[in-house]
Every structure is written in structure tokens, then in C-alpha cells.
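Biologist: Could you take me through this model slowly, and tell me what stands behind each word that you use?

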Amino acid sequence: MNSSGNYLPSSPIILCGFMSSGKTTVGRPLARRLGYEFADTDELLMETYGMTIPEIFKRGGETYFRDLEHEIAKKVCSMKNTVVSTGGGMLTFPQNGEILSRCGFVVYLEKDFEECYSRLAAQENRPIVQSRTKEELRHMYEDRIPLYRRYAAFSIRNHGTVEDAVNQIVSVVSRNAQPDISV
């Protein structure tokens, strides 16, 4: 039970969504609000393997990156009282989506493609973005939506302020968490 008297899961609260949908931007203040730790799967990946994401892609391509990302998904499942921001493609691979939806409370942050794209276009450290056209990214976005929805317990429209998104998630998670009655 948190300070507001709401029951919250001890298993991780996992945020998914397209690149630049606000997972980290919302995740950090959500973790502070709940008194949880915060983890970003891309940061965990870089710390664990000692390479930047562009270096991982350069070394072995997207398949290699996804294999390493799956190892990070397994790590996430051992985390307690943590808000986790996932990479935009993490839940698009069934082995990741299944494991994360079983071990945590997955929330899909919905954001319109144009908003995501305008943020992505300004970033140079995204190998997937740099190697694709806007239309290819739009197609990727549209292909991923059903996958995010498949594994998410809930969807939150992230079109207002960060505080609005945090409030929505706290409300949904606390309404759907069961009290831990084990002794």
C-alpha cells in the first residue's frame, strides 16, 4: 500500500509504446510518485554489455540487439517496486511480450505517430530511425500498435501533460492491484 492508501503491485510496472512516446519521460516521475526505483531497458542494455545501442547494432545488427534485449527482459522480471521504460521494439517480439506481461503490469503509452516522429527526427542516436524513411517508420508504428495492445494490461493516451499521464497510470494500477495478503 502506498502513502495514498492504494494497493500497488510489487512486480514491475512496465511502460511500452513506440519510440518517443514518453515512456522514460513519464516513467521517471511515476517512479518518484510511487516511491519506486526507475529502470530503462536501453540503459540496462548498455550498462550490462558495455556498448552503446549504435555500437550493438554495428556489431551484430538488429537480430543481435534483440537477443541481448531478451536477456534484459528476463532481468526486468526479477525487479520489484520498479517502473520500467522499455525500448520501443521490446514488446514486439513474442518472447519479450509474453515474459514481461506475465511478470509485470504492462501499460501501453499511446501517442500519435506525428508527435513521435517529430521527436525522433531530431535524434541522431537512433539507428533504426536513421536507416528508415518517415513512411517506413509510420508502417513500423502501425504494425507495432496491436502488439503493444496484446501484451498491455491497460492503455493510456499520452497526449496531455506528464502529470496527466502519471495520474492516469497511478489510478489504473491502484484500481487493479490486489492487496498482498500473504503473511
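Modeller: Let us begin with two helices: α1 (residues 23–34) and α8 (residues 162–176) pack with their axes 9 Å apart and at an angle of about 55°. Helices here are DSSP runs of H or I with at least four residues, strands are runs of E with at least two, and both are numbered from the N terminus. The model is a predicted one, in which local features need pLDDT of at least 70 and side-chain atom pairs count only at pLDDT 80 or more, while totals for chains, interfaces and linings use all residues. Residues are numbered from 1 along each chain as its sequence is written, and side-chain values use heavy atoms, with hydrogens and water left out.

Biologist: Why are α1 and α8 called oblique to each other?

Modeller: The angle is taken between N-to-C directions, on a scale from 0 to 180 degrees, and the axes are lines fitted to C-alpha atoms, for helices over the stretch in contact. Angles under 35 degrees count as roughly parallel, over 145 as roughly antiparallel, 65 to 115 as roughly perpendicular and the rest as oblique. The angle between α1 and α8 is about 55°, and these helices are therefore oblique.

Biologist: Which residues of α1 and α8 make the contact?

Modeller: Contact means heavy atoms within 4.5 Å. On the α1 side the contact is made by Thr-25, Val-26, Pro-29, Leu-30, Arg-33 and Leu-34, and on the α8 side by Val-162, Ala-165, Val-166, Asn-167, Ile-169 and Val-170.

Biologist: How do you know that Cys-77 and Cys-103 form a disulfide?

Modeller: A disulfide is a pair of cysteine sulfur atoms within 2.5 Å, and the S to S distance of Cys-77 and Cys-103 is 2.3 Å, so the pair meets that limit. The structure holds one disulfide. Cys-77 sits in the loop between α3 (53–76) and β3 (82–85), and Cys-103 in helix α4 (residues 94–103), so that the pair, 26 residues apart, links distant parts of the chain.

Biologist: What makes the disulfide of Cys-77 and Cys-103 left-handed?

Modeller: The torsion about its S-S bond is about -70°, and the disulfide is left-handed for that reason.

Biologist: Why is Cys-77 called buried?

Modeller: Buried means under 20% relative accessible area, exposed over 50%, and partly exposed in between, with a 1.4 Å probe and protein chains only. Cys-77 has a relative accessible area of 18%, so it counts as buried, and Cys-103, at 17%, counts as buried too.

Biologist: What makes strand β4 (residues 105–110) mostly covered?

Modeller: Six of its six residues are buried. Phe-105, Val-107 and Leu-109 point one way from β4, whereas Val-106, Tyr-108 and Glu-110 point the other way.

Biologist: How do you know that β4 and strand β5 (residues 154–157) pair?

Modeller: Two strands pair if DSSP finds at least two bridges between them, and β4 and β5 have four, so they pair, in the parallel sense. Tyr-108 has Ser-155 of β5 as its bridge partner. Strand β1 (residues 13–16) also pairs with β4 in the parallel sense over four bridges, and there Leu-15 stands opposite Val-107.
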